[in-house]
Amino acid sequence: MPRKTSGFTPGFDTRAIHAGQDPDPATGAIVTPIYQTATFAQEALGQNKGYEYARVSNPTRTALETNLAALEGGAAALAFASGMAAINAVLTLVSAGDHVLCQDHLYGGTVRLFNQVLRRFGVEFDYVDASHVENLQTAVRPNTRLLFLETPTNPLMRLIDLRVCSTWAHKHNLMVAVDNTFMTPYFQRPLELGADIVIHSTTKYLNGHSDGIGGAVIVKDTGTAARVKFIQKAAGAILAPFECWLL
């Protein structure tokens, strides 16, 4: 997040242009370079300049993640190879035997992942009309751990009230994840409406020029950020430096 000066709070346009995009310290270039490298030279045993292996972190990816976190108002952002990779990373926060309560009419790829892949690992899913919180109340279970929402939905553009759903979920100690792909943080910031996690397929509106596949997870608190960061490192579905630069 850009530093505040003299009580000035940077607006959305300023954050979009400047957050995470400091001039390159080596050359002064105002556009973040593409750090196309797999490894980084170590200063000494166990000592580095903040980077050691590009699956773990990369300066181009760091710049993008800093920018996305600022735009959504999150504690941190993690960039992934696709929107589905981002969603899959979020679902690793639940375990076998857990129940995920989902809004109906989710993106088809999300439903495919949930029903045809993650069900085989013992995660349970139910889909309800989340436009009426009474439906959520009827479907919640003792083992429900996550409320997964998308508004507007892709492609039917169904809408729900994120603040109402998030307030209800937190009363039941549920984590709330929201796919914000269609609205982008310019029009809607779910974290400000009570969500805990925001997901994007950056392939679509955040990228906007149809030349890169990508995904992102933005989280409200540093504890969840550390858990998703570990999954990013362990599973390795990272966004490559060139796609980070394009985005």
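Two strands are taken to pair if DSSP finds at least two bridges between them; helices (H or I, at least four residues) and strands (E, at least two) are DSSP runs, numbered from the N terminus. This is a predicted model, in which local features need pLDDT of at least 70, side-chain atom pairs count only at pLDDT 80 or more, and totals for chains, interfaces and linings use all residues. Residues are numbered from 1 along each chain as its sequence is written, and side-chain values use heavy atoms, with hydrogens and water left out.

Select strand S2 (residues 99-103) to begin. Five of its five residues are buried (under 20% relative accessible area, with exposed over 50% and partly exposed in between; 1.4 Å probe, protein chains only). His99, Leu101 and Gln103 lie on one side, Val100 and Cys102 on the other.

Between S2 and S3 the chain passes through helix H4 (residues 108-117), in a right-handed β-α-β crossover; right-handed means that, with the strands pointing away from the viewer, the path from the first strand over the helix to the second runs clockwise.

Next, display strand S4, which pairs with S2 in the parallel sense over four bridges. Here Leu146 stands opposite Val100.

Proceed to strand S5 (residues 175-179): four of its five residues are buried, so S5 is largely enclosed by the rest of the structure. S4 (residues 144-150) pairs with S5 in the parallel sense over five bridges, and Glu150 faces Asp179.

Finish at strand S6 (residues 197-201), parallel to S5 and joined to it by three bridges; Ile197 is the bridge partner of Ala177.
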